[in-house]
Each structure stands twice: as structure tokens, then as C-alpha cells.
Amino acid sequence: MIRVELPRFGRFASWRQAARQLASARVDPGRVAWRHPDSDPDLFGAAPLPPVGPHPVVATRDFLQLAAQVASHSDPERWALLYQALIRVQDDRRFLGNPADPLRDRLSRMARSVRRDIHKMHAFVRFHELPAQGPRRRFGAWFEPEHPILEAGAPFFARRFADMDWLIATPEGVARFAGDAVTYAPPESRPELPPDASHGLWQTYFASIFNPARVKTAAMRSEMPVKYWKNLPETRLIPAMLADAPRRVEAMQEAGATEAPAFAARVTARLRQLPDDRPPDSLEAAREQAMRCTRCDLCHAATQTVWGEGDRDAKLMIVGEAPGDHEDLQGQPFVGPAGRLLRDEAAAAGIERAWLTNAVKHFKFATRGTRRIHRNPDGGEIRHCRWWLDLERRFVQPRLTVALGASAALALTGDGSPLTPRRGKVEIGRDGGRVLITWHPSLILRRSGRPAEQARAEFASDLAMAAALLASDQPDR
Ligand code: URA
């Protein structure tokens with residue numbers, strides 16, 4: 001049997017060096033006894049470490065990371081298990097990636113338990129101020145972790161409390177910091193720690209976050225396991241607080257607010273205005289409901305709902321995107337510059353009667369100084385407002401609809417794909433009606449020179465096509 005003695009501190013580095021040497025000679029894990037200062041007395045005869053062997057030794061990054069954590073576990077078998085794993089890695093580098101492997105599973109669970117213990121150490125060490133011996137303040141703490149994690153957990157405190165001297169005593173040993181590196185020493189008797197004023201603060205903090213109406217003892221125990229309680233000043237309050245919780249809940253209920261806070265009136269008023277989902281039985285009733293629409297947030301900033309207008313018996317419906325600045329103020333669609341262009345071109349195409357409306361009925365804008373800059377409605381706003389467009393279509397029953405731009409095309413056909421290849425074509429809408437796709441007039445206004453001329457010519461030709469399509473329909477109105 002080969003006996004490897006590991007020191008009390010720095011043991012992972014020592015294990016690593018010895019394990020590498022053993023693995024280079026491919027020493028069988030069953031032939032190695034790993035020992036450290038707290039191991040039971042040795043029953044075996046001891047053979048020294050064999051010399052470095054001929055085999056190259058590979059230790060993957062994953063393996064070393066896992067091994068460093070497992071090294072802080074309290075299981076006396078940890079060193080042997082890690083050596084077994086190292087030997088396995090030599091033949092199969094990916095074995096650690098197999099969650100079904102029992103050795104891998106055991107090591108992962110050990111590493112997880114160590115990580116959790118370190119986390120708890122960082123959260124639950126409570127320092128007591130000690131008399132200073134120089135210009136720096138001094139603190140001491142007693143902590144009882146589940147595993148020997150002192151070396152793994154202490155460097156955190158050096159980073160966090162670099163401006164004070166401290167010691168953390170544990171059953172495993174003592175970590176000390178005095179401004180440079182952390183040093184470790186074998187265990188000493190539990191230090192006498194004077195009462196500390198900050199412990200009253202811990203209690204105050206804990207008492208104030210304790211909500212008697214939400215007592216979840218299982219969750220509390222999982223966050224703050226009972227084994228750590230004895231060294232936490234705040235946990236002394238827990239039994240009394242739990243016992244008192246039902247009485248406090250009753251008192252809270254009795255003292256419950258009797259008057260709604262001021263904002264409640266506003267919320268109630270909004271709720272009262274929530275859309276009436278009962279389908280209206282006429283275009284007028286639909287308009288009435290739409291005037292109170294709060295289906296999306298656009299209603300809050302806009303001046304008013306801009307409902308459709310025109311000839312409700314027309315065979316043609318023209319759908320734009322959303323009201324602009326002028327439309328929002330006047331409450332009518334297409335009364336601004338884009339509307340003028342549309343009306344001019346429609347008249348030129350011989351369109352005399354149409355129902356004009358928009359996919360979205362509220363103005364969407366961003367303010368820049370005193371100006372309200374138009375913004376395109378998004379998919380959600382278009383979807384919410386489809387409720388109104390669908391109602392309008394049900395009552396107007398157009399034979400043909402012209403969609404001006406992408407938002408109208410999306411609302412009418414459900415297809416949000418780019419407009420260029422679709423322009424000038426007739427598609428079938430969501431409700432089965434014919435939808436002719438064309439540019440939005442504001443696109444023409446935004447362009448200049450030849451591109452503007454071309455878009456205007458295409459727009460004019462699309463409107464002429466709409467007029468021709470309607471003219472070729474059987475007259476039934
Ligand atoms: N643009 C639109 O899409 N609709 C209007 O009502 C005005 C401008």
C-alpha cells in the first residue's frame with residue numbers, strides 16, 4: 001500500500017502533485033491510502049510514492065475545477081475518489097460529461113454541497129469587533145461549516161474587508177488576515193468574542209424583513225439551514241417571531257386600510273372604461289364604443305379616437321396606418337398632407353365614393369420639444385385595434401379594400417412581409433375579401449425627385465386599378 005500524507009492546509013495542491021506522480025506510473029487506485037492530519041490511525045504498512053512513471057498525465061480543466069471543490073468536502077474518501085476519477089480521465093476524457101456515471105454523479109454532488117457551504121459561509125460569518133492593537137480595526141468570528149472549506153471560503157473576506165484585520169476560527173483551523181495575505185493555522189479553542197454592536201443591527205434588519213403573513217418555514221430553513229443558527233445573532237429572534245406570527249397577522253387584518261389610496265380612484269376610473277367586448281350591432285354603436293377604447297396604451301397620449309368616415313354604402317374601403325397629428329386634433333381621418341395626396345389621386349382615378357379608415361385608431365407619437373413626431377404602431381397595437389377594423393368591415397362590407405402601406409396590409413391580411421413585391425397586387429384578406437396593396441401616401445411625401453415621381457405614378461396606377469376592378473364588378477348595390 002502506498003501512503004500519501006497530505007498537509008492540513010494546501011492539501012489540494014499536495015494531492016494534485018502526488019496524484020499526478022501516481023498516475024504517471026498508472027498506480028492502481030486500490031493501492032493508495034490518502035491521509036491527512038485528522039485521519040484515523042494508519043493500519044497499513046507504508047510504501048513511499050513511486051518515482052514518476054512513463055505515462056503522460058492529462059487533467060482537463062473541468063476535472064481540475066471539480067477536484068478543487070471536492071477537495072473541500074468532509075468525506076474521508078474524497079482523495080481516493082478523485083484519484084479514481086483522474087485515472088478514468090486518462091482513458092476517457094469525456095467521462096465527466098456523462099451525468100449517468102455513478103462516480104461523476106457522486107463527485108458532482110459533493111462539489112455542489114461544498115459550493116453551498118462556501119456560499120453560506122460568506123453569508124453567515126458574523127464578525128465581532130476586537131480591541132485594536134494598531135491603527136487598523138480588528139474583528140473575529142467563529143463559524144462552523146459543514147465541510148473543511150476554510151481555505152476555499154476565506155479569500156472572499158480578504159477581498160471584501162481588506163481594510164480591517166480579521167480572523168475566522170473554525171473547528172478545522174483559523175484563517176487570519178492582516179492586510180496582505182490570508183494565513184492559516186491549526187484549530188485553536190473557540191475564541192471568546194465580545195458582544196458586538198452590529199449584532200443588534202442584524203436583529204433589527206431580520207425583524208423588519210420578517211413578514212408574519214408569509215411565514216414559510218421550509219423556505220426559511222433552506223435559505224438559512226438550522227445548523228448555522230447557533231452562531232447567527234438574528235436567529236435568536238426566530239422562535240419568538242414564529243410564535244407571535246398569527247397574532248400579528250390578526251392585528252394587521254384588523255388594522256387594514258379602510259381608505260383606498262389616492263391613485264385607486266384613477267385606476268378604478270380606467271377599469272370602468274375598459275372596452276366593452278359585447279359586439280355592437282351597428283356601425284354607430286361600434287363608433288360609440290371605439291371612442292372609449294383603452295385596448296392599448298396609445299389611448300393615453302392621443303387626443304381622441306379617430307374613427308373611419310366617408311360613404312358607408314361604398315363598395316371601396318381605403319385603410320391607412322393610423323391618424324397623424326392633424327387627424328388626431330380634428331378627429332377625422334386623412335385630413336393632413338398625406339390625406340390631401342390620397343384624395344387628389346383618388347379623384348384623379350375616378351374614385352368618388354369610399355369609406356376611409358385606419359388600421360390603428362389612435363395617433364402614436366414621440367414628443368420632440370413642442371412637436372409631436374409620428375411613430376409607426378407596432379404589431380401589438382395593430383392587433384389590438386383589429387377589433388375595430390373588423391367591426392367596421394362587418395358593417396361597411398366593402399367589395400374591395402385598398403391597403404395603404406405595411407401596417408394596413410398586416411392588419412387586413414395578417415401578412416407582415418415586405419411591401420415592395422406585393423404592391424399593385426390583389427391579395428385575399430383575413431376575412432376573405434379582396435385587398436389591393438399599395439404605397440402609403442406619406443412614403444411618396446417623404447421621397448423627392450425621381451423616386452417620389454415613380455412612387456406617385458405607381459400609387460396612381462394602383463388606385464386606377466381599384467376603380468377598374470370595382471367598375472367590372474356586377475352592380476349589386
Ligand atoms: N396617415 C394615415 O395612415 N392615416 C391618416 O388618417 C392620416 C395619415
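**Sheet, helix and a buried glutamate**

User: What order do the strands take in the open sheet of 6 strands?
Analyst: The order is β8-β10-β9-β13-β15-β14, and the pairing is mixed. The edge strands are β8 (309-310) and β14 (426-428), each of which pairs on one side only. Strands here are DSSP runs of E with at least two residues, helices are runs of H or I with at least four residues, and both are numbered from the N terminus. Two strands pair if DSSP finds at least two bridges between them.

User: Before we go on, what kind of model is this?
Analyst: It's a predicted model: local features need pLDDT of at least 70 and side-chain atom pairs count only at pLDDT 80 or more, while totals for chains, interfaces and linings use all residues. Residues are numbered from 1 along each chain as its sequence is written, and side-chain values use heavy atoms, with hydrogens and water left out.

User: OK, back to the sheet. How do β8 and β9 run against β10, parallel or antiparallel?
Analyst: One of each. β8 runs antiparallel to β10, with 2 bridges, and E309 stands opposite L356. Strand β9 (residues 316-320) runs parallel to β10 through 4 bridges, with M317 opposite W355.

User: What about helix α4: what length should it span?
Analyst: Its 23 residues (102-124) should span 33 Å at 1.5 Å a residue, and the end C-alpha atoms are 33 Å apart, which agrees. The expected span is 1.5 Å times one less than the number of residues.

User: What sits at its start, and what covers its buried residues?
Analyst: At the start, a side-chain oxygen of D101 comes within 3.0 Å of the backbone nitrogen of L103. The buried residues include L103, M110, V114 and F124. Their cover includes α2 (61-70), α3 (78-91) and α8 (217-223).

User: Last one: where does E172 lie, and what does it touch?
Analyst: E172 lies in the loop between β5 and β6 (173-177) and is buried at 12% relative accessible area. Its side chain makes a polar contact of 3.2 Å with that of R11, and one of its side-chain polar atoms is 3.1 Å from the backbone nitrogen of L150. A polar contact is a pair of N or O atoms within 3.5 Å; within protein, one must be able to donate a hydrogen and the other to accept it, and residues adjacent in sequence count only if both atoms are side-chain atoms. Leaving aside neighbours within four places in sequence, E172 is in contact (heavy atoms within 4.5 Å) with residues including R8, F9, P148 and P187.

Definitions and conventions: Buried < 20%, exposed > 50% of the residue type's maximum accessible area, 1.4 Å probe, protein only.
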